[in-house]
Amino acid sequence: MIDSTDEKQKLQIIDSRILPVLPLKETLVFPYLVVPLMIQDTDQARLVDDALMRGSRIGLFLQKDPTQKNPRPEDLYHIGCSGSILKMLRFPDGTVRFLIQGLTRIRIRRFTGSSNLMMAEVEEIKETVHDTVKTEALQRIILERIKSLTEMAPYLSDEFHVSAINQDTPSKLADYIASNLNIPMAQKQQLLAEADVYKRMSKLYAAILKEIEVLELSHKIQAQAASELGKSQRDYILREQMKAIKKELGDGDETSELEEFELRIKEAEMPEYAEQAARKELDRLSHMNPSSAEYTVARTYLDILVTLPWNKSTNDKLDLRRAKKVLDEDHFDLDKVKDRILEHLAVRKLKADIKGPILCFVGPPGVGKTSLGKSIARAMGREFARVSLGGMRDEAEIRGHRRTYIGAMPGRIIQSIKRCGSNNPVIMLDEVDKLGSDFRGDPSSALLEVLDPEQNDSFSDHYLEISFDLSKVMFITTANWLEPIPPVLRDRMETIRLPGYTDLEKLAIAKRHLIPKQLDNHGLTVKNLALADSAIKAIIDSYTREAGLRNLEREIASVARKAARKVATGGGRKKIKVTGKDIPKLLGPERFSREVLSRQGLVGVVPGLAYTSVGGELLFIEATSMPGKAKLTLTGQLGDVMKESALAALSFIRSNCHELKIDPKVFEDHEIHIHVPAGATPKDGPSAGITIVVALASLLTGRPVKSFMAMTGEITLRGTILPIGGLKEKLLAAYRAGIKSVLLPEDNRKDAQELPPEIKKGIKLKFFSELFPAVKYALSKKIPTDSGKYNERSNKGKKSFREKKS
């Protein structure tokens with residue numbers, strides 16, 4: 001590809017050859033100049049390496065767009081420079097650095113080849129040189145201007161002028177200055193493309209004059225800025241003198257900002273150490289220029305110091321009957337929490353200087369943990385503040401930023417106390433189990449001091465740099481899950497579990513709280529809409545499956561919206577009554593069905609119970625076998641603990657196969673597969689041990705599990721059933737799923753005393769300490785005709801487990 005015809009006539013072609021093309025981004029190579037280059041592209045590195053080994057030249061052409069990663073032929077300027085590689089270095093990160101010397105100006109005639117590396121047929125361009133007095137005069141003028149530019153430009157060294165004088169031809173002088181001048185790359189490309197030496201020097205002279213003008217203007221602006229800074233200092237001195245003159249004349253009676261701070265320090269009733277810090281900062285403030293940035297920082301710090309409620313407390317309302325009434329009005333049930341608050345108020349009534357308790361409410365979402373904090377504050381007559389810890393990763397969010405940082409502020413704890421205006425509020429630290437940590441620190445470690453009654457009377461915030469007493473604050477933390485909380489932090493808190501609600505409790509809460517709230521939110525009254533108990537039960541059973549109440553409230557809101565629409569369009573003059581039969585019309589088809597009903601009487605399928613951060617869940621364990629080598633396959637995204645439980649269960653079955661009437665040969669020529677459905681959900685924990693044992697026993701004996709039965713419990717290799725946690729949550733899940741009987745560890749019998757009456761009445765609880773009687777009880781006596789191939793009942797020589805025991 002060739003430039004215009006006129007230009008072609010001006011330039012004399014010396015040689016034509018094919019050269020590899022190396023695109024340049026932010027650097028331009030001129031003839032006779034040595035330039036260091038760096039490349040990271042592997043293909044280009046190979047090109048450079050090959051050229052160095054062969055001693056061949058390469059073509060150097062500037063990209064039109066330096067941001068383009070893989071330039072095409074049309075993305076390059078077509079006039080460049082041929083170069084010879086002098087030296088090359090490879091670095092471990094894959095980059096290649098090399099020195100290249102420009103040789104001659106070349107122009108691309110056409111691109112050749114189709115590989116990743118561009119090749120081009122180039123022609124060498126001959127310069128047009130005019131050895132005239134005019135050229136010599138222009139050369140001298142340029143050298144004079146270069147001397148001035150060197151003195152003004154910080155990027156040009158003193159040696160630059162000397163090197164320019166030593167250039168032996170006008171062409172080399174122009175190229176040398178153009179290469180070092182701070183001008184745009186497009187302008188440098190124009191100088192490289194100009195073959196006429198006199199025209200090139202003329203364009204270069206114009207660029208030098210422009211650069212000198214820019215530098216002169218820059219120096220002028222800097223001088224003006226320095227003058228303005230001197231003026232500001234002069235104004236400050238005059239202002240101080242003006243204050244002294246006004247004071248002598250008696251005109252300074254108005255309260256200044258400093259005097260206002262002096263008054264606020266006296267009224268703040270600070271501890272002695274805090275008052276000393278405030279007065280020290282006030283003294284610094286009085287010597288500062290109000291227009292300086294440091295003045296604003298010091299003023300903000302002083303304002304926070306005098307605003308904090310160092311000695312301001314709200315009076316606790318210690319009427320226990322009133323407090324119980326308030327708690328009962330806001331929340332249904334939750335007797336444990338209410339009793340704990342009333343006990344604290346009772347002790348507070350007898351001993352006024354008791355430290356605030358630090359409670360941790362643990363339970364699934366939607367059971368009322370956060371709203372309970374507001375209710376506690378209202379019952380005690382205290383201010384309430386909520387701090388969300390979910391996703392917090394910066395320790396400074398708790399302890400504050402040091403004042404050396406721009407925009408520094410106190411931590412969230414001190415800010416909450418400042419906002420409440422009292423030193424004994426109820427502060428709720430929400431979602432403490434979702435704290436994170438990174439290079440900025442660990443917020444959970446910062447909470448160790450906040451939540452320790454023995455230390456928090458002298459809590460040190462990085463911004464304040466003095467201690468603040470948090471011992472009067474009542475801290476309440478909430479969590480869905482205890483395990484993510486560090487043990488040292490968990491040890492500092494009194495844990496109170498809030499399990500999920502039963503259907504009867506949800507019904508009562510919906511009638512007492514949720515329905516009146518949604519009627520008010522949608523502009524309705526009891527005269528417009530009435531939900532029958534059957535409608536609420538239908539929503540609970542068929543449209544929600546949760547431990548809390550959030551989805552139930554959403555569905556009630558959906559019914560209220562439809563009723564509001566009917567009333568707004570004039571079709572609801574009469575009272576709208578919604579019964580259980582109307583719910584499918586309003587909310588659509590049932591979203592949840594009782595899966596346990598469709599999975600009864602299946603060999604190798606056993607319902608288990610799991611405890612998650614959102615409450616209890618029903619979990620099916622499926623076992624099957626097939627001919628093959630002795631192998632155990634586990635699927636369903638199981639954790640390490642659950643996999644070990646499965647291995648222990650199989651070992652127990654194999655070691656006791658004769659007692660369970662199972663043919664030992666089945667383990668040699670059959671492959672066993674255990675699967676836990678809902679494979680997208682991770683599962684772990686030891687409490688599925690008994691469920692896996694019963695599933696394997698059911699598979700290998702051909703006897704299904706009794707209908708509507710579930711189980712949970714950890715096992716040992718010797719057949720002992722160990723206790724589990726989350727009993728109430730698991731039994732609530734079983735109750736919601738329609739389970740009629742549950743097998744539990746004997747050691748959990750004591751925990752069953754705290755279960756709601758409807759669970760005790762609706763579910764038959766069977767407790768076992770050993771596996772054999774539990775397995776025997778769980779399996780039905782009926783053997784399907786097609787599932788008994790592993791049973792040893794036909795072997796008369798084998799004694800059953802019962803016979804051996806006797």
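This report covers confidence, sheets, helix packing and a few single residues in a predicted model.

## Confidence

The average pLDDT of the protein is 84. A score of at least 70 is reached by 91% of the residues.

One is residues 1-15, where the model has 30 contacts beyond four places in sequence. The other is residues 786-806, with 38 contacts beyond four places in sequence.

## The parallel sheet

Five strands form an open sheet with parallel pairing. Their order is β8-β9-β12-β7-β13. At the edges are β8 (384-388) and β13 (494-497), each of which pairs on one side only. From one strand to the next, the twist averages 20°.

Strand β7 spans residues 358-362 and runs parallel to β13. The two are joined by 4 bridges. Within this pairing, Leu359 stands opposite Glu494 of β13.

Which helix lies across β7, β12 and β13? That is α12, residues 335-350. Helix α12 runs at about 145° to β13. Strand β12 covers 474-479.

## Antiparallel pairings around β17

Strands of a sheet pair through backbone hydrogen bonds, in a parallel or an antiparallel sense. Strand β17 (residues 615-627) takes part in two antiparallel pairings, one with β16 and one with β19.

Strand β16 covers residues 605-612 and pairs with β17 over 8 bridges. Here Gly608 stands opposite Leu619 of β17. Strand β19 covers residues 670-675 and is joined to β17 by 6 bridges. In this pairing, Pro627 has His670 of β19 as its bridge partner.

## Packing of α3 and α4

Two packed helices are described by the angle between their axes and the distance between the axes. For α3 (residues 133-152) and α4 (residues 158-165), the axes come within 9 Å. They cross at roughly 170°. Helix α3 is therefore roughly antiparallel to α4, because angles over 145 degrees count as such.

Which residues of α3 meet α4? They are Leu143, Ile146, Lys147 and Thr150. On the α4 side, the contact involves Asp158, Phe160, His161, Ala164 and Ile165. By class, the contact holds 5 nonpolar, 2 polar and 2 charged residues.

## Positive phi in two loops

Tyr32 is not a glycine, yet its phi is positive, about 70°. Tyr32 sits in the loop between β1 (12-24) and β2 (34-39). Is Tyr32 buried or exposed? Its relative accessible area is 51%, so Tyr32 is exposed; the cut-off for exposed is over 50%.

Phe708 is another residue other than glycine with a positive phi, near 55°. Its place is the loop between α24 (689-701) and β20 (709-711). Phe708 has 25% relative accessibility and therefore counts as partly exposed.

## Lys760

Lys760 belongs to helix α26, residues 757-762. Its relative accessibility is 44%, so Lys760 counts as partly exposed.

What does Lys760 contact, leaving aside neighbours within four places in sequence? The partners are Ala752, Gln753 and Leu755. Ile100 is 660 residues from Lys760 in sequence. In space, the C-alpha atoms of Lys760 and Ile100 are 88 Å apart.

Methods:
Residues are numbered from 1 along each chain as its sequence is written. This is a predicted model: local features need pLDDT of at least 70, side-chain atom pairs count only at pLDDT 80 or more; totals for chains, interfaces and linings use all residues. Side-chain values use heavy atoms; hydrogens and water are left out. Two strands pair if DSSP finds at least two bridges between them. pLDDT is the predictor's confidence in each residue, from 0 to 100. Contact means heavy atoms within 4.5 Å. Buried means under 20% relative accessible area, exposed over 50%, partly exposed in between (1.4 Å probe, protein chains only). Axes are lines fitted to C-alpha atoms, for helices over the stretch in contact, and angles run from 0 to 180 degrees between N-to-C directions. Angles under 35 degrees count as roughly parallel, over 145 as roughly antiparallel, 65 to 115 as roughly perpendicular and the rest as oblique. Ala, Val, Leu, Ile, Met, Phe, Trp, Tyr, Cys and Pro count as nonpolar, Asp, Glu, Lys and Arg as charged, and the others, Gly among them, as polar.
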